[in-house]
Amino acid sequence: MRGVVFEDVCRVRVDDLAEPTVEEPTDAIVRITTAAICGSDLHFYHGKAPLQPGDPMGHEGIGVIEEVGPAVTRFSPGDRVVVAFDIVCGECWFCEKGQTSLCDHFRTLGIGTFGGDLGGAQAERLRVPVADTNLLRVPDGMEDERALFVGDILTTGVYGAGIADIGARDTVAVVGAGPVGFFAAQAALRHGPREVLVLDLRADRLALMEKLGFTTINVEERNAQSAVDEATGGRGADVVIEAVGSEPAWETALHVVRRGGTLVVLGMYVSERVELQLGVAWNRAVRFVFAGVTPIHAWWEEAMAAVADGSIDPLPIISHTLPLEDASTGYELFDRREATKVLLKP
Ligand SMILES: NC(=O)c1ccc[n+]([C@@H]2O[C@H](COP(=O)([O-])OP(=O)(O)OC[C@H]3O[C@@H](n4cnc5c(N)ncnc54)[C@H](O)[C@@H]3O)[C@@H](O)[C@H]2O)c1
Ligand SMILES: [Zn+2]
Ligand SMILES: [Zn+2]
């Protein structure tokens, strides 16, 4: 079968790969009908984590089950399913508690040895371990384009808003209007706040959010704190969702949250360090919520329901749909930020 593999820093190629087979009784083989390139794939594309040449890539995929192992009980061949980007055991203490991203046997698709040597979703077929836990059925009639992101970024937005404790009179500020911010802002609206502000430094990203009806703040053009203060009677945002994952974005988030407010850190951090004056955080009584990796399995049913009832619309974020064979072009477009989201069709 054909699939995307890492070749070198900033180079991927589509190659002939071994057909995946049922290796464990709990496995399913999914024929991928649509895959996507994720912001996290770019970390690997840039060589920030040790992928070996030839390692399969991608963790966002949707498709049709072709085969199931004898211990799979919830799915059968022919079922349309979306795949969770984090592959978990479903039975350890953390999984039982719904904190599936803290699973004792946590693995990730499409990131080589680092993720447990699983295949990648940017391919014609994919082996999904513990299929009963790591697959979700797609409602009849829902297109791939709507359901696909439930396996990753859409549910990440739902999770970020879900742990933010948004109240009816709250102003929510979402820092970052990339795909995660796009979904976090829509998900925040479902909690019925007074207003959702979206902050970014790219006019094109903000223009998309404006089209969806959000009030936007370009942090290149305006001081973020004064802009948010102006929108909130001088108080600051009740809830801030940081959906970037960089020190400047963290600083912005800290500046725009009101005292007694909540700051959800949804963007990903690895080795970054910041100085935090504890007395300031303490006196301002800011509630920090570090999201960690999204426990997809605990939130994806709510996320799928939000797509089904139309309260979250994934379509405006998709800028390009390419054949799988053109994956390398897709990565380049996404890397140059000329694409907001690239889909690949095997
Ligand atoms: N918690 C999780 O499980 C999870 C899941 C998926 C993605 N993520 C993380 O979420 C973050 C966002 O993902 P994405 O795919 O939307 O990324 P992205 O890079 O496509 O989007 C980030 C956006 O932030 C904007 N930005 C950059 N610096 C900024 C600043 N200082 N202030 C305001 N805006 C700024 C960029 O212009 C861009 O629009 C990443 O760190 C990603 O790794 C976390
Ligand atoms: Zn992802
Ligand atoms: Zn587990």
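Student: In what order do the six strands of the open sheet lie, and is their pairing parallel or antiparallel?

Tutor: Please bear in mind that this model is predicted. In general, the strands of a sheet pair through backbone hydrogen bonds, in either a parallel or an antiparallel manner. Here the order is β12-β11-β10-β13-β14-β15, and the pairing is parallel.

Student: Which are the edge strands?

Tutor: They are β12 (215-218) and β15 (287-290), each of which pairs on one side only. From one strand to the next, the twist averages 20°.

Student: How many bridges join β14 to β15?

Tutor: Strand β14 (residues 257-265) is joined to β15 by four bridges. Within β15, F290 is the bridge partner of V265.

Student: Which strands does helix α9 touch?

Tutor: Helix α9 (residues 247-256) packs on the sheet and touches β10 (171-175), β11 (195-200), β13 (237-242), β14 and β15. The direction of α9 makes about 150° with that of β14.

Student: Let us turn to the metal. Which protein donors does the zinc ion (ligand 2) have?

Tutor: A metal site is read from its donor atoms. For this zinc ion they are SG of C38, NE2 of H59 and OD of D152, lying 1.8 to 2.2 Å from the ion. Along the chain, these donors follow the spacing C-x20-H-x92-D.

Student: Where in the chain do C38 and H59 lie?

Tutor: C38 is in the loop between β3 (28-37) and α1 (39-45), while H59 is in the loop between α1 and β4 (60-68). The two are 21 residues apart, and the pair links distant parts of the chain.

Student: Are C38 and H59 buried or exposed?

Tutor: Both C38 and H59 are buried, that is, under 20% relative accessible area.

Technical notes
Residues numbered from 1 in each chain as written. Chains lettered and ligands numbered in written order. Predicted model: local features only at pLDDT ≥ 70, side-chain atom pairs only at ≥ 80, totals over all residues. Heavy atoms only, no water. Pairing = 2+ DSSP bridges. Axes fitted to C-alpha atoms, helices over the stretch in contact; angles between N-to-C directions. Contact = heavy atoms within 4.5 Å. Donors = N, O, S within 2.8 Å, 3.2 Å for Na, K, Ca; no water. Buried < 20%, exposed > 50% of the residue type's maximum accessible area, 1.4 Å probe, protein only.
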